[in-house]
Amino acid sequence: MEKLRIIFMGTPEFAVGILDTILQHQYEVVGVITAADKPAGRGQKIKYSAVKEYALEHQLPLLQPTNLKDESFLSELKALNANLQIVVAFRMLPKVVWEMPSLGTFNLHASLLPNYRGAAPINWAIINGENKTGVTTFFIDDKIDTGAMILNAETPISKTETAGELHDRLMLLGSETVIQTLKLIEKGNVTTTIQQDTADIKTAYKLNKENCKIDWTKSASTIHNLIRGLSPYPAAWCFMSDKGEEWNVKIYEATILEESHSLNIGQLICTKKELKIAVQNGFIQIKSLQFPGKKKMTSSELLNGIQFTEEAKAY
């Protein structure tokens, strides 16, 4: 059985959960690669990645290359003398990096490949109304999320689950699947399955302002799925207007009320504690939201400080 010397590559909180599990199972991590520091927020203070924070706390050797083909980085990487690399939510690797270790480089992806290749698989599984998803480990090749699959694990998605909740569950499922993959590699028992491309493969497109905007003319279920699929981050958004004012509003939590009405699509209906928006065949009842310059709040908290007229609408 070959002793593993692992380099771990990742950036966000999701990757931290996997790295922590690898260390808890007494595997040797000889180096961690993460994104370069960058300014963030209003003050543009330098922000460390979640993986860097963890690596520093656990005194793991750390590299933060800006160019993955840079000769000095490649020399440092080679000097770590790893025989396996693990990638979780990092970036596309050049061939010179992924083919370096003798046992290869595998990736953990938060979907059941080949569906939802790309940047935001957790979000899109919910946005598209899937009732199941999962995780897949696969050996990296020269394209994005297309390599030969090692293991996958499946889990159901509830009709009310948010992307944040699913993220946390998939981090645990992913941790278990990575450990199972490591055991197979250790014993030399890996068998892989080539991904089969078909015409109906779904893609996990990068999220942007346009595909996060709510279209109130869509069905109630489509809108609800978008809201929960983008909660808590980056959050679905829309414009609201009343009395000549317009606001860019983020919506974090909502429910569907199925009832017939003759109101205009997008009309706001308010009581002292309830805010709902007219859609096809019913309403979207808003539970929590955020107005510009304000903190996230419940609808009842918002309605304590603002009164909408009958002209108020969302679009």
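1. Helices here (H or I, at least four residues) and strands (E, at least two) are DSSP runs, numbered from the N terminus. By that scheme, Q267 sits in the loop between β13 (245-258) and β14 (268-270). Q267 counts as buried, at 19% relative accessibility; buried means under 20% relative accessible area, exposed over 50%, and partly exposed in between (1.4 Å probe, protein chains only). Leaving aside residues up to four places away in sequence, Q267 touches K276, I277, A278, E310, A312 and K313, where contact means heavy atoms within 4.5 Å.

2. A word on provenance: this is a predicted model, where local features need pLDDT of at least 70 and side-chain atom pairs count only at pLDDT 80 or more, while totals for chains, interfaces and linings use all residues. Residues are numbered from 1 along each chain as its sequence is written, and side-chain values use heavy atoms, with hydrogens and water left out.

3. Now the sheet. Seven strands make up an open sheet with mixed pairing, in the order β5-β2-β1-β6-β7-β9-β10; two strands pair if DSSP finds at least two bridges between them. At the edges are β5 (62-63) and β10 (149-156), each of which pairs on one side only. Further in, β1 (residues 5-10) and β6 (residues 84-88) run parallel and are joined by five bridges. In that pairing, I6 stands opposite L84 of β6.

4. Helix α1 (residues 13-24) lies across β1, β2 (28-33), β6 and β7 (105-109), and runs at about 165 degrees to β1. Axes are lines fitted to C-alpha atoms, for helices over the stretch in contact, and angles run from 0 to 180 degrees between N-to-C directions.

5. What does α1 pack against at an angle of about 40 degrees? The partner is helix α6 (residues 163-187), with the two axes 9 Å apart. That angle makes α1 oblique to α6 (under 35 degrees is roughly parallel, over 145 roughly antiparallel, 65 to 115 roughly perpendicular, and the rest oblique). On the α1 side the residues are E13, F14, G17, I18, T21 and I22, and they meet α6 residues including H167, L170, M171 and G174.

6. Last, the cysteines. There are zero disulfides in the structure, taking a disulfide as a pair of cysteine sulfur atoms within 2.5 Å. C238 is buried at 0% relative accessible area, whereas C270 is partly exposed at 31%.
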